Structures are given as C-alpha cells and as structure tokens.
Amino acid sequence: MPIRVLLVEDHDMVAEAIGLALDQADGISVVARADSIATAFAQRCDPDLILLDRRLPDGDGVEAISDLTAVTGARVLVLTGEATAAVATRVAEAGGSGLVLKTSRLEELVGAVRKVAAGEAVFDPTLLASVLARLTGRVPGSNAALTPRERETLLLLAEGHNTADISERLGVARNTARNHVQRILEKLGARSQLEAVAIARREGMLD
C-alpha cells in the first residue's frame, strides 16, 4: 500500500511542486491537500502522514500537531523556512516526527517522507544535540524497565541510527526493530524517538 499523504500548504506553486514530486515517487500518494489548519481538520482521507507547513493563514502549524495526530493517527512532518533548535524542539515536544526545510531538494523531501512513514524521526543532525538539551529536564520522568534488546535499541537510537540500521546491527527483521522502538516509546511515555532519547538521557538510562 502506498504512503497516504495529506499535504497542508497554502502557497499554490509550492504545493503543486511538492505534490507532483511525491506523486511521482514510488509508493507515495498525495490523497488530499489543505491550505489551512481548519481545512486540514476537515479532510477525511485517512492519511498515514501529514506534510504540514509551519506558517499557515489561520495559525502556526506546530501548534496544531498534537490535535492533528490525535484526530488522524498520522505522523506529522513539518515544512519550514527556518530550521532552528527552538523550532525543532517545539516540533518534537508537540509530537511531530520531523522537520524539513522548504529549500531542500525534492528528493530529500521524498526521503524524509519515507523515513517518517517508517516510524523514524527526521531532524538535521546539527540540531539534534541542541534539541535534546532543550528537551532534557522538561519531560516527565520514567521508571520503565526495558528488556536487554530494547536497551540495545535505545542505545542505537541515541547514536542516531535509523530503523534500518538498528535492524542490521541487531540482526533482526525491520518490523521487529520497529516493534522494539514502539515499545520503548510506550514504556517511556514518549511521542517520538527524539523525545524517548531525551527522557532516557534525563533518567540516566544511557550511562
């Protein structure tokens, strides 16, 4: 089944270019487009992923992430004109799965969509340290007990590895690696891989 994308972008030329690139990519389908937060909520298209512009006519897209994920169950990848640690932290805290610049090449955007749909977090590596530092100490503590394999997975996440890397390093199927990651998120009460690493670091689980 293709990755079903709801594109939320108010600039027609940008939306058309992104929509065309995604529709031409194997395994991705733009099932609906919205030009505001309100029209995004009005869509009934069962998306797997919402590609959400940060600045929209009726508000800040980041502030809508939590409600959008609650209503649709979809992962959210944010489009922005500026990728700063402050913006990335807000996205992560709201439950977003990634941040991509509007100036990125279309193939980079397609790659980000695939990664987020697969359950990975997509943030510029240069921002990760700052984002984790901002999140650490501002998230609820957790006394969750991880299995040895989940702990291995968590350590790999903290090193910046994606699901495919974890699968290869642990010698397990990708679905198994994804299941390990999902259980870690559930046990730590995290909404994203990035937040899970921040919680683990705060609780000394990475020492």
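**Helix 7 and the overall fold**

Student: Which glycine just after helix 7 takes a positive phi, and of about what value?
Tutor: This is a predicted model. Look just after helix 7. The residue there is glycine 160, with a positive phi of about 95°.

Student: Which residues in helix 7 are buried?
Tutor: Helix 7 runs over residues 148–158. Buried means under 20% relative accessible area. The buried residues are Glu150, Thr153, Leu154, Leu156 and Leu157.

Student: What covers the buried residues of helix 7?
Tutor: Look for contacts, with heavy atoms within 4.5 Å. The cover includes helix 8 (163–170), helix 9 (174–188) and helix 10 (193–202).

Student: What radius of gyration does the protein have?
Tutor: Start from the chain of 207 residues.

Student: What share of the contacts links residues 24 or more positions apart?
Tutor: Count the contacts with a separation of 6 or more. Those between residues 24 or more positions apart account for 67%.

Student: How far apart do the centres of the positive and negative side chains lie?
Tutor: The protein has 23 positive side chains. It has 29 negative ones. The centres of the two sets lie apart by 5 Å.

Key
Residues are numbered from 1 along each chain as its sequence is written. This is a predicted model: local features need pLDDT of at least 70, side-chain atom pairs count only at pLDDT 80 or more; totals for chains, interfaces and linings use all residues. Side-chain values use heavy atoms; hydrogens and water are left out. Buried means under 20% relative accessible area, exposed over 50%, partly exposed in between (1.4 Å probe, protein chains only). Helices (H or I, at least four residues) and strands (E, at least two) are DSSP runs, numbered from the N terminus. The radius of gyration is taken over C-alpha atoms; the globule rule is 2.2 Å times the number of residues to the power 0.38. Lys and Arg count as positive and Asp and Glu as negative; His and the chain ends are not counted. The place of a charge is taken as NZ of Lys, CZ of Arg, CG of Asp or CD of Glu.
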